[in-house]
Amino acid sequence: MARWRHCHVCGAVLPRGSTRRRVYCGPACRAQAYRLRQQDLRDGALGRLLLKSLALDDERLLRRLTCPVCGRMTYAAGHRRRDTKYCSARCKDRAYRRRRRRACQAERDVEASESSGVPAGTTG
């Protein structure tokens with residue numbers, strides 16, 4: 001009697017005539033397994049950096065490991081650019097919109113103060 005073998009990711013039964021080396025049911029499960037392995041590597045790197053920053057009491061490293069928008073601990077610069085600040089494109093976009101909103105508000109304040117005759121930066 002043949003033993004049923006199962007996919008390592010989803011648990012589905014592997015096809016009957018498959019080789020002994022086959023561990024995934026298809027390309028989607030193979031890709032998912034790769035993503036999970038990469039996530040484990042990133043989590044390990046983050047853990048090592050956190051331990052290092054706590055051991056050395058390094059505030060600068062802790063700030064670099066924290067996303068300035070959402071505050072989530074993440075290794076933003078892990079496998080990407082070294083100067084990456086944000087944990088995701090979503091946080092990067094949020095920060096950009098905040099900066100634009102502040103700039104527009106400052107322009108409106110300057111225009112309002114010019115139209116009222118009060119110099120910018122003073123209270124009237």
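How many helices and how many strands does the protein have? The protein has three helices and zero strands, where helices (H or I, at least four residues) and strands (E, at least two) are DSSP runs numbered from the N terminus. This is a predicted model, in which local features need pLDDT of at least 70 and side-chain atom pairs count only at pLDDT 80 or more, while totals for chains, interfaces and linings use all residues. Residues are numbered from 1 along each chain as its sequence is written, and side-chain values use heavy atoms, with hydrogens and water left out.

**View 1. Overall fold of the protein.** Along the sequence the pattern reads α-α-α. Of the 124 residues, 18% count as buried, that is, under 20% relative accessible area, with exposed meaning over 50% and partly exposed in between (1.4 Å probe, protein chains only).

**View 2. Surroundings of Leu14.** Leu14 lies in the segment before helix 1 (27–56) and is buried, with a relative accessible area of 4%. Leaving aside residues up to four places away in sequence, Leu14 touches Arg5, His6, Cys7, Arg22, Val23, Tyr24 and Cys25, a contact being heavy atoms within 4.5 Å. Trp4 is ten residues from Leu14 in sequence, and their C-alpha atoms are 7.4 Å apart in space.

**View 3. Arg99 in helix 3.** Arg99 is found in helix 3 (residues 89–116), and at 44% relative accessibility this arginine counts as partly exposed.
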